[in-house]
Amino acid sequence: MKKILTIAGYDSSSGAGITKDLDVFSSLGIHGISVPTCLVLQGPQGVQDVYPIPYVQFIEMIDLVKKGLSIDGIKMGALWNEAYIERIALFLSGLDNIPLVVDPVIESKNKTGLLTDKGLVKLIEMIFPLTDVVTPNLHEASLIVGKEVKTLEDMEGCAKDIFDMGPGAVIVKGGHLVGEPVDLFFDGKEFTFWKKHRINREVHGTGCTFSSLMTAFLVCGYDKKEAFLASEKAMEEILGDSYRIDVDGFYYASSGIINSKFSDRWKVLQAMNEAGEMLCRLNMVELIPAVQMNMGYAIKDAEGVEDIAAFPGRIGTNEGKILMKGEAAFGTSSHVARSILTCMKYYPHIRACVSVRYDRAIIEKAHESDMNVLCFDRKSDPEKLKESEGKIPDFLTEKVLKLVDQPPDIIYDLGDVGEEPIIRLFAKHPLELIKKMEMIRP
């Protein structure tokens with residue numbers, strides 16, 4: 001199971017801070033780990049007071065995480081002051097290649113301070129350069145850049161200024177724009193906008209909820225822009241189902257109704273990594289093609305390569321052992337992904353595929369196991385497709401699928417000049433792929 005650490009304030013009303021973060025992570029099937037920086041005395045009417053966690057105890061908690069727990073991502077909210085931030089920067093120094101999202105919580109809606117001025121300076125100086133995504137609202141963005149951000153044009157300039165401070169991407173949340181709200185994503189190359197309809201209610205904890213969603217989607221293999229779009233879509237559902245816990249106070253975000261398509265991605269990645277571990281244990285090196293292997297698994301209703309998880313860098317061998325180059329992620333393989341998409345046009349439940357070395361003995365074992373084995377001839381490729389790299393297998397796979405009335409177990413080809421023969425093994429699920437691979441081992 002994936003694990004995300006949240007470092008933030010503790011909201012006694014459970015509408016924001018680490019309690020909300022843990023709620024979001026749990027709704028997406030992720031285990032949350034928390035280290036509070038402060039206790040925020042808060043009810044439906046707003047923040048009444050803030051009590052910092054004793055610094056010695058804060059150090060003990062964060063050191064315990066570093067020494068004894070593995071984590072797959074980090075989300076940060078209220079960090080209180082420069083001493084806590086300096087210690088967090090030290091904590092981050094030994095962690096590589098895991099997503100970090102910073103929601104720069106500076107003060108509450110009623111202007112109660114949650115980050116000191118010196119803390120903000122240290123946050124920008126020490127944490128921003130290590131961050132994948134920073135997610136300020138208009139007020140926080142204004143304090144960060146030192147000038148008021150009021151319009152969409154201001155937001156664009158502000159996003160560029162914050163990007164120059166070191167993060168990998170910036171999201172400026174425009175919930176307090178005059179007129180309809182617009183959120184802005186900037187990755188240093190282009191702007192992406194998400195326009196929303198203003199709802200007639202004030203929902204507590206939206207910033208924490210959004211940044212937690214961003215962290216979760218990044219951990220589940222989304223790229224930054226895709227995570228932004230997924231988080232925005234999830235927020236629409238969450239805000240539409242928000243509720244009150246008293247008569248007169250804020251509404252609270254309901255993260256329990258996150259769209260099943262988002263949680264499906266986590267299940268796809270979990271299944272892929274489980275299958276990858278099994279493949280390594282079984283060490284089926286004799287099935288690895290010369291061009292190496294890849295395995296893919298699609299979400300339900302997949303529409304493009306970005307909806308299919310595969311292993312980065314393909315699966316190879318090293319000294320007689322299966323070599324995996326990383327955990328499964330979305331959008332990392334185009335060839336196996338397109339084979340899956342082509343097959344799903346005819347058989348939507350067939351969502352997994354793996355490329356296997358061609359061997360006549362493998363094909364014979366597949367026939368002996370009563371598998372549905374199909375074949376296409378690359379030499380019959382249309383001339384106009386010969387010049388379009390990567391399109392030929394898709395065309396010919398679809399051509400043979402049109403001729404059958406049951407889903408394939410195998411579609412193979414005998415190659416062509418400069419093209420290795422390949423067996424494409426299909427199944428409903430990656431673990432079913434592994435079972436089929438065991439059946440056809442020569």
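A search of the whole structure, which is a predicted model, finds zero disulfides. C220 takes part in no disulfide, the nearest cysteine sulfur being that of C208 at a distance of 19 Å, and C220 is itself buried, with a relative accessible area of 2%. C280 is likewise in no disulfide, and here the nearest cysteine sulfur, which belongs to C353, lies 18 Å away; C280 is partly exposed, its relative accessible area being 31%.

With regard to overall architecture, the secondary structure of the protein chain comprises 14 helices and 21 strands, and the C-alpha atoms occupy a box of roughly 75 × 45 × 40 Å along the principal axes. Of the 442 residues in the protein chain, 53% are buried. Among contacts with a separation of 6 or more, 68% are made by residues 24 or more positions apart. The accessible surface of the protein chain amounts to about 19,600 Å², and carbon and sulfur atoms contribute 51% of this area.

One cavity of 30 Å³ or more is counted, and the volume of the largest cavity is about 40 Å³. The lining of the largest cavity is formed by G77, L79, I85, V102, D103, P104, V105, L115 and L123; when these residues are sorted by class, seven are nonpolar, one is polar and one is charged.

Backbone geometry was considered at two loop positions. N97, located in the loop between α3 (82–92) and β5 (100–102), has a phi near 60 degrees, a positive value in a residue other than glycine. N97 is exposed, with a relative accessible area of 83%. E319, in turn, is found in the loop that joins β15 (316–318) and β16 (321–323), and the phi of E319 is near 55 degrees, again a positive value in a residue other than glycine. E319 is also exposed, with a relative accessible area of 78%.

Terms used. Residues numbered from 1 in each chain as written. Predicted model: local features only at pLDDT ≥ 70, side-chain atom pairs only at ≥ 80, totals over all residues. Heavy atoms only, no water. 1 Å grid on protein atoms, 1.4 Å probe; cavity = no way out; pocket = protein on both sides within 12 Å on 5 of 7 lines; lining within 4 Å. Points joined across faces, edges and corners; volume = space filled by probe spheres on them. Nonpolar A, V, L, I, M, F, W, Y, C, P; charged D, E, K, R; others polar. Helix = DSSP H or I, 4+ residues; strand = E, 2+ residues; numbered from the N terminus. Buried < 20%, exposed > 50% of the residue type's maximum accessible area, 1.4 Å probe, protein only. Contact = heavy atoms within 4.5 Å. Areas by Shrake-Rupley, 256 points an atom, 1.4 Å probe, with all protein chains shown as cover. Disulfide = S-S within 2.5 Å.
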